[in-house]
Amino acid sequence: MHPIDKYIETIPDFPKEGIMFRDITTVTQDPEGFKLAVDSMQDLIKDLDYDVMVGVEARGFLFGAPIAYNMGKSFALIRKKGKLPRATISQEYDLEYGKAEVEMHIDALKPGQKVIIIDDLIATGGSSKAAIELVEKLGAEVVDCLFLVELKGLNGRAMLDGYRVDSVLAYEGK
């Protein structure tokens, strides 16, 4: 197990019975845990060639912004529908019980830019796949999808087949 595991609180049966919720707020509340998380994620991509870090709302912002800053890269946002003030493109994706939609500003990326998509966790992969589709609609190239935590039991990596996927810590269950 990675040392970051000691900073992640596991909440059984939340939000419903049978789910082991991996709470990363306990990581960011601890200065050592937060530094370890950012440094560990950054270490996974240190040798990649990329131009822009793209954070998925909202926890992708927590980790993506400091890594982009440290690496001297720009940072772009993917937000829930209706949260961005200028012209956007959008992508719908499936949730367990319904649909959701995310957006990016149409000028957030330039064609040909190399992008790392970052979020705190990959579960089913739906929001990450939507992020990839937004990036590609703008003509940019996804070089990595980076996560702090992966829930292997939900098989999100399969949704991102054909893309590089990195995670600091992987849990076998859901």
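I count two residues as in contact when they have heavy atoms within 4.5 Å. The model I am reading is predicted.

**Entry 1**

I started with Leu-109. Leaving out residues up to four places away in sequence, I find that Leu-109 touches Val-52, Val-54, Ala-76, Met-104, Val-115, Val-135, Leu-138 and Ala-140.

Next I went to the largest nonpolar core, which has 26 residues. Leu-109 is among the residues with the most contacts inside it, along with Val-54, Met-104, Ile-117 and Val-135. Which elements supply at least two residues each? I list strand 3 (52-56), strand 4 (74-80), strand 5 (88-95), strand 6 (98-105), strand 7 (114-122), helix 4 (126-137) and strand 8 (141-151). Helix 4 gives the largest share of this core, 5 residues. As background, nonpolar side chains in soluble globular proteins tend to be buried together.

I checked one pair in detail. Strand 8 and strand 9 run in the parallel sense, paired over 6 bridges. Phe-147 has Ser-167, in strand 9, as its bridge partner.

**Entry 1: helix 4**

I tested the length of helix 4. Its 12 residues, at 1.5 Å a residue, should span 16 Å. The end C-alpha atoms are 17 Å apart, which agrees. I noted the buried residues of helix 4: Gly-126, Ser-128, Ala-130, Ala-131, Ile-132, Leu-134 and Val-135. Just after the helix, Gly-139 takes a positive phi of about 85 degrees.

**Entry 2: Asp-120**

Is Asp-120 buried or exposed? Its relative accessibility is 3%, so I count Asp-120 as buried, the cut-off being under 20%. Asp-120 is found in strand 7. Residues up to four places away aside, Asp-120 touches Ile-24, Arg-59, Gly-60, Phe-63, Phe-147, Leu-148 and Val-149.

I placed Ile-19 in the loop between strand 1 (9-12) and strand 2 (20-23). Ile-19 is partly exposed, at 23% relative accessible area. Beyond its neighbours within four places in sequence, Ile-19 is in contact with Ile-11, Pro-12, Asp-13 and Phe-14.

Gly-33 is found in helix 2 (residues 31-45). Gly-33 is buried, with a relative accessible area of 0%. I looked up its contacts, again without residues up to four places away, and Gly-33 touches Ile-4, Tyr-7 and Val-27.

I then took two C-alpha to C-alpha distances. Ile-19 and Gly-33 are 14 residues apart in sequence and 24 Å apart in space. Gly-33 and Pro-3 are 30 residues apart in sequence and 9.0 Å apart in space.

Technical notes: Residues are numbered from 1 along each chain as its sequence is written. This is a predicted model: local features need pLDDT of at least 70, side-chain atom pairs count only at pLDDT 80 or more; totals for chains, interfaces and linings use all residues. Side-chain values use heavy atoms; hydrogens and water are left out. A nonpolar core is a set of buried Ala, Val, Leu, Ile, Met, Phe, Trp, Tyr and Cys residues joined through side-chain atoms within 4.5 Å. Buried means under 20% relative accessible area, exposed over 50%, partly exposed in between (1.4 Å probe, protein chains only). Helices (H or I, at least four residues) and strands (E, at least two) are DSSP runs, numbered from the N terminus. Two strands pair if DSSP finds at least two bridges between them. The expected span of a helix is 1.5 Å times one less than its number of residues.
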